[in-house]
Amino acid sequence: MGAPKTALLTVAALGIAGVAAGALVVYGGLYDVAATQQHFQPVYSMLETAMRQSVKMRARNIEPPRLDDERLVMRGAACFRDKCVQCHGAPGVAQGDIGKSMQPLPGPLVDARHHWKPRELYWLTKHGIRMSGMPAWEFRLSEEDLWSVVAFMARLPEFTPQQYAEATRVEPTGAQGAPARPACGPADGAAPLRAADAQRGARALPQYACSACHTIPGITSSSPNVGPPLAGMGGRSLIAGKLANTPDNMVRWLRHTHEVDPLTAMPQMGVSEQDARDIAAYLAALR
């Protein structure tokens, strides 16, 4: 009986020592979080492996559409120009300052098709990668746009710098030669509205940076003190002290904030009609 007891005590002591060491690193500020320093290679490799396995598992049941449509590829080129180049670069185009200054460094995607299947690239583009700087585009791009980016990445290794420049050239419009409107992104009215989905609304809230200013029950955040907490929002009688608290008025407030209150410091976040309905459903349930 002595040996098992000794082993248990040893394991317990090692566990306590591990917790104490972790607490020292965290609360003692020993871990350098500066983006001017890279992760240690073992940490980087571990995180990269965990990311790859996570994506493969979650994307395994996605069925890609046909991706050889030239129109889809060209639309994807425009989306890539508008949303991806600043971090990943492109043939003959360097990353922007944001991309070059991030850790981990977002690499070029010219070889993405050799490392990822189309369904995995779609999942990555739609959902992003937490704590890496890779954003989730689910609330910024339509399904067609998401797949168009995947279609373009499948063809990206074939593009020379000259071909890429031609495929992504912005035609001037108007008397002043203003650039054309963005080539991708969901437009209101492009898809029929569906019933409000409170669960999706919970996911939309941080995607529109609501949790950066408000503490919201069920939404992870720090402790912001910029805007009022939204606990009990569903039981309040007024929205912003001006509108009766109804789902339609919440949608109006989220989408046309400055029309409702021109003096408010709350910015208009470009919330789509469907996303506003989903968010309103979630907030209405906060009692």
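Student: To begin, in which loop does Ala240 lie?

Tutor: Keeping in mind that this is a predicted model, Ala240 lies in the loop that runs between strand S3 (238-239) and strand S4 (243-244).

Student: What is the phi of Ala240 like?

Tutor: Ala240 is not a glycine, and yet its phi is positive, at about 55°. For context, most residues other than glycine have a negative phi.

Student: And how accessible is Ala240?

Tutor: Its relative accessibility is 39%, so Ala240 counts as partly exposed, given that the partly exposed class lies between the 20% limit for buried and the 50% limit for exposed.

Student: Turning to Met131, what is its phi, and where does it sit?

Tutor: Met131, which is not a glycine either, has a positive phi of about 60°, and it is placed in the loop between helix H7 (118-127) and helix H8 (143-155).

Student: Is Met131 buried or exposed?

Tutor: Met131 is exposed, because its relative accessible area is 82% and the class begins over 50%.

Student: What about the peptide bond from Gln103 to Pro104, cis or trans?

Tutor: That bond is cis, with omega near 0°, and Pro104 itself is found in the loop between helix H5 (97-100) and helix H6 (112-115). As a general rule, most peptide bonds are trans.

Student: Changing topic, which residues form the nonpolar patch on the surface?

Tutor: The patch is formed by Leu24, Val25, Val26, Tyr27, Leu30, Tyr31 and Val33, which together have about 810 Å² of accessible area. One of its members, Tyr31, lies in the loop between helix H1 (2-27) and helix H2 (41-58), and with a relative accessible area of 41% Tyr31 is partly exposed.

Student: Now the whole chain: how many helices and strands are there, and how much counts as buried?

Tutor: The secondary structure comes to 13 helices and four strands, and of the 287 residues in the chain, 32% count as buried.

Student: Last one, how far apart are the mean positions of the positive and negative charges?

Tutor: The chain has 29 positive and 25 negative charges, and their mean positions are 6 Å apart.

How values were computed
Residues are numbered from 1 along each chain as its sequence is written. This is a predicted model: local features need pLDDT of at least 70, side-chain atom pairs count only at pLDDT 80 or more; totals for chains, interfaces and linings use all residues. Side-chain values use heavy atoms; hydrogens and water are left out. Helices (H or I, at least four residues) and strands (E, at least two) are DSSP runs, numbered from the N terminus. Buried means under 20% relative accessible area, exposed over 50%, partly exposed in between (1.4 Å probe, protein chains only). Lys and Arg count as positive and Asp and Glu as negative; His and the chain ends are not counted. The place of a charge is taken as NZ of Lys, CZ of Arg, CG of Asp or CD of Glu. Patches are made of residues with over 30% relative accessible area and no salt bridge: like charges are joined within 9 Å, nonpolar side chains (Val, Leu, Ile, Met, Phe, Trp, Tyr) within 5 Å. Accessible areas come from the Shrake-Rupley method with a 1.4 Å probe; for residues, only the protein chains shown count as cover. A salt bridge is a side-chain nitrogen of Lys or Arg within 4 Å of a carboxyl oxygen of Asp or Glu.
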